Amino acid sequence: MPEDAIRLSLFSFSLSGEAKRWLHSFIGNSLKTWDEVVEKFLKKYFPESKTVEGKVATSSFHQFPDESLSEALERFHGVIP
């Protein structure tokens, strides 16, 4: 069995809720390749604006002078969704 077919058949099991409904909204076999699924999924759930926002937040993050490393790490986890 081709690798794409395995990925396509198992992908829905990794989803729940809205994401699973989104995947099942495609009629029949309109998504024929794994690359198509990845492209559409990323556009839907990780739009470019969100990706850029995350990159900016990550690259501009810094530890404050009076902040402990554990405090900074905790704050960092709040910055990254």
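This is a predicted model: local features need pLDDT of at least 70, side-chain atom pairs count only at pLDDT 80 or more; totals for chains, interfaces and linings use all residues.
**Exercise 1. Salt bridges within a helix**

Task: Describe the salt bridges E3 to R7 and K43 to E39, giving the spacing of the partners in E3 and R7 and in K43 and E39.

Solution. Step 1: A search of the whole structure finds four salt bridges. Two of the pairs are treated here, starting with E3 and R7, whose side chains meet at 2.8 Å, N to O.

Step 1: Both E3 and R7 belong to helix α1 and are four residues apart, about one turn of the helix.

Step 2: E3 has 53% relative accessibility and so counts as exposed. R7, at 35%, counts as partly exposed.

Step 3: In the bridge between K43 and E39, the closest N and O atoms are 3.3 Å apart. The cut-off for a salt bridge is within 4 Å.

Step 4: K43 and E39 are four residues apart in helix α3 (residues 34-45), so about one helical turn separates them. K43 counts as exposed because its relative accessibility is 59%, whereas E39 is partly exposed at 44%.

**Exercise 2. The surroundings of R75**

Task: Locate R75, name its salt-bridge partner, and say whether that partner, E67, is buried or exposed.

Solution. Step 1: R75 is part of helix α5, residues 69-79.

Step 1: The partner of R75 is E67, with the closest N and O atoms 2.9 Å apart.

Step 2: With a relative accessible area of 28%, R75 is partly exposed. E67 has 12% relative accessibility and therefore counts as buried.

Step 3: Another position to check against R75 is H62. The two are 13 residues apart along the chain, and their C-alpha atoms are separated by 10.0 Å.

**Exercise 3. The largest pocket**

Task: Give the volume of the largest pocket, list its lining, and sort the lining by class.

Solution. Step 1: The volume of the largest pocket is about 220 Å³.

Step 1: Its lining consists of L8, F11, S12, L23, H24, F26, G28, N29, S30, L31 and V37. The elements giving two or more residues to this lining are α1 and α2 (17-24).

Step 2: Sorted by class, the lining has six nonpolar residues, five polar residues and no charged ones. Gly counts among the polar residues, and G28 is one of the lining residues.

**Exercise 4. K32 in its loop**

Task: Say where K32 is found, classify its accessibility, and give its C-alpha separation from D4.

Solution. Step 1: K32 sits in the loop between α2 and α3.

Step 1: The relative accessibility of K32 is 61%, so K32 counts as exposed.

Step 2: K32 and D4 are 28 residues apart along the chain, with their C-alpha atoms separated by 8.9 Å.

Conventions: Residues are numbered from 1 along each chain as its sequence is written. Side-chain values use heavy atoms; hydrogens and water are left out. On a 1 Å grid over the protein atoms alone, a cavity is a set of points where a 1.4 Å probe fits but cannot get out, and a pocket is an open set with protein on both sides within 12 Å along at least five of seven lines; lining residues have an atom within 4 Å of a point. Grid points are joined across faces, edges and corners, and a volume is the space filled by probe spheres set on the points. Buried means under 20% relative accessible area, exposed over 50%, partly exposed in between (1.4 Å probe, protein chains only).
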